[in-house]
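The following note sets out numbered points for a colleague who is examining this entry. Each point is meant to be read alongside the coordinates.

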Amino acid sequence: MENAGKAPHAGWLREVYYHLGKLALADGEQRKAQDYLRRSGYKDFDRPITLITPFSRRCFRARFFPRRIAEIVPGRVYALSGFEFTEYYFVVSDDGRELIGIDAGTRPDSAKAAYEALRAYAPGLPELTTVFITHAHWDHVGGHSYFRALKSTLAFLCQE
């Protein structure tokens, strides 16, 4: 709570208060639990988890908005968000000759949209040579077939 003012979106506090109330309730602190529930704006503790974000989700297109590309390290590290559920990261190697992707995203179409957006944003990037898969969750591996189709010699590395 001491860092609430640093949050990107004030709506997240509603869920924080709700879950603090559930914890207080579990500890037998009824008065504290009701205070947190009041602050949350919910009428009772019978709710599923809700995530509040500063962007909306379009269910028919199944992607988050807004799309953006950020240069975390100018000319070297790129973060792409808003291309469906996942974020994409691309890193230029120390010698400047290779582009390394971190994770493959959720689906081939969103991986394609993200990669093409990066190429349009930074057309002088080196060739994609490697995709490092951090772990085998659906939102990290789903777009691998798009990247594989770009180049048959593309290296895929993964943590076991």
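1. Ala114 has a relative accessibility of 0% and therefore counts as buried, the cut-off being under 20%. The residue belongs to helix 3. Beyond four places in sequence, its contacts are Leu80, Phe83 and Tyr88.

2. Which residues have the most contacts inside the largest nonpolar core? They are Leu80, Phe90, Leu99, Leu128 and Phe147, in a core of 20 residues. Two or more residues of this core come from each of strand 4 (77-81), strand 5 (88-92), helix 3 (108-121), strand 7 (128-133) and helix 5 (144-150). Helix 3 makes the greatest contribution, with 4 residues.

3. Leaving out residues up to four places away in sequence, Phe90 touches Arg76, Val77, Tyr78, Leu80, Leu99, Ile100, Gly101, Tyr115, Leu118, Leu128 and Phe147. Another core lies apart from the one described above; this one has 6 residues, including Tyr18, Leu37, Tyr42 and Phe45.

4. Gly41, just after the helix, adopts a positive phi of about 90 degrees.

5. Strand 7 is mostly covered, with 5 of its 6 residues buried. It pairs with strand 6 in the parallel sense, over 4 bridges. Within this arrangement, Phe132 of strand 7 stands opposite Ile102.

6. Apart from neighbours within four places in sequence, Thr130 is in contact with Glu98, Leu99, Ile100, Gly101, Leu154, Ala155 and Leu157.

7. A polar atom of the Asp103 side chain lies 2.7 Å from the backbone nitrogen of Thr134. Thr134 is also among the residues that Asp103 contacts beyond four places in sequence, the others being Tyr88, Val131, Phe132, Ile133, His135 and His140. Asp103 and Gly143 are 40 residues apart in sequence, with a C-alpha to C-alpha separation of 8.6 Å.

8. As to the overall layout, the protein contains 5 helices and 8 strands. From the N terminus on, these elements run α-α-β-β-β-β-β-β-α-β-α-α-β. Of the 160 residues in the protein, 33% are buried. Among contacts between residues at least 6 apart in sequence, 48% join residues at least 24 apart.

9. The average pLDDT of the protein is 83, and 80% of the residues score at least 70. Among the elements, strand 6 (residues 99-102) has the highest mean pLDDT, 96, while strand 1 (residues 57-58) has the lowest, 44.

10. How many contacts beyond four places in sequence does the model have for residues 52-63? It has 22, although pLDDT stays under 50 over this stretch. Where pLDDT is low, the predicted coordinates should not be read in detail.

Definitions and conventions. Residues numbered from 1 in each chain as written. Heavy atoms only, no water. pLDDT = per-residue confidence, 0-100. Contact = heavy atoms within 4.5 Å. Core = buried A, V, L, I, M, F, W, Y, C linked by side-chain atoms within 4.5 Å. Buried < 20%, exposed > 50% of the residue type's maximum accessible area, 1.4 Å probe, protein only. Pairing = 2+ DSSP bridges. Polar contact = N/O pair within 3.5 Å; in protein donor to acceptor, adjacent residues only side chain to side chain.
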